[in-house]
Amino acid sequence: MSDTVYLNGSFLPLEQATVPVLDRGFIFGDGVYEVIPVYSGHPFRLDEHLDRLTNSLDEIRIRQPLDRAAWRHVARELISANHHLQDQSLYIQVTRGVAPRDQAFPPATVTPTVLVMSMPLVTPPVELVESGVSAITALDIRWQRCNIKAVSLLANVLLRQEAADHDVAETLMLRDGYLTEGSSSNVFIVKQGKLLAPPKNQYMLPGITYDVILELAERHGIPHAVEMISEERLRSADEIWLTSSTKEVLAVVSLDGKIIGTGEPGPVFSRMYALYQEFKQHIMRTGG
Ligand code: PMP
């Protein structure tokens, strides 16, 4: 069965969905995106993802192409058109549209390009959850507006490839001696039983999963704080976790070839992983 996508107002098979070469997304990476996990047909935190999309669009001054009701309608339609997929990952991309190549914005009459597609949601297999993963560090070579979920991801691509070249799961980035995030995930550490997260600012993407983790910590009495994490604290952490919509929460047990904690996912991780799965089950049962 062929996947159905939404492109500029129409639902059509993936193979038939094409974009002109002068689309500014293709030419400049001039656009933003979202990735929304869908469990058993229920989008996870849809409103929060749509809020972040709205914010990304505002930040780069692309007018909102659809209102909230229309986004919800498209999401619902695509989820049911792709119901042959078990769990889904909804991908939304909006670019500034098609115009002759010029860096300055095109006239306001140019309509944004809107693509929504559904892919299989691939979460980490249980073996990886139980063993944890390895990661490396690198200088954060990205720009200063990492809070925007921009499709121009060249720095992230190069950083993530460094991880692939080292046969590890993720690259954790350091800017001016402080942890920012992973190339495609947020990062938490645990120090003496306390969960620590870097503050949201222009140097990291405000992760939807990041918020869920902090909410669960609050609700279940896990000591936690949001504060800058120095390289030294990162390297001497008892636990390091990655979080994202597709990775959920995953333990890092080796950093730059050095063991973190005991070399196995730690006790706070195990607790949070269980809480996260329980929370997901709740969403699947209740749809919200
Ligand atoms: N930071 C970056 C750079 C990312 O690409 C992602 C994944 N989109 C995240 C953090 C995690 O965000 P979320 O929890 O919303 O998936």
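Let's start with Gln192, which is exposed, with a relative accessible area of 75%; exposed means over 50%, buried under 20%, and partly exposed in between, using a 1.4 Å probe and protein chains only. Gln192 has a positive phi of about 45°, although it is not a glycine. You'll find Gln192 in the loop between strand 10 (186–191) and strand 11 (194–197); helices (H or I, at least four residues) and strands (E, at least two) are DSSP runs, numbered from the N terminus.

A quick word on the model: it is predicted, so local features need pLDDT of at least 70 and side-chain atom pairs count only at pLDDT 80 or more, while totals for chains, interfaces and linings use all residues. Residues are numbered from 1 along each chain as its sequence is written, and side-chain values use heavy atoms, with hydrogens and water left out.

Now, is Arg45 buried or exposed? Arg45 is buried, with a relative accessible area of 17%. Its phi is positive too, about 55°, and Arg45 is not a glycine. Look for Arg45 in the loop between strand 4 (42–43) and helix 2 (46–59).

On to the ligand. Which side-chain atoms and backbone atoms reach it? An N or O atom in the side chain of Lys149 is 2.5 Å from a ligand nitrogen. For ligand oxygen atoms, a side-chain N or O atom of Ser245 is 2.8 Å from one, and a backbone N or O atom of Ile208 lies 2.9 Å from one. The shell around the ligand divides into two nonpolar, eleven polar and three charged residues; Ala, Val, Leu, Ile, Met, Phe, Trp, Tyr, Cys and Pro count as nonpolar, Asp, Glu, Lys and Arg as charged, and the others, Gly among them, as polar.

Technical notes. Polar contact = N/O pair within 3.5 Å; in protein donor to acceptor, adjacent residues only side chain to side chain.
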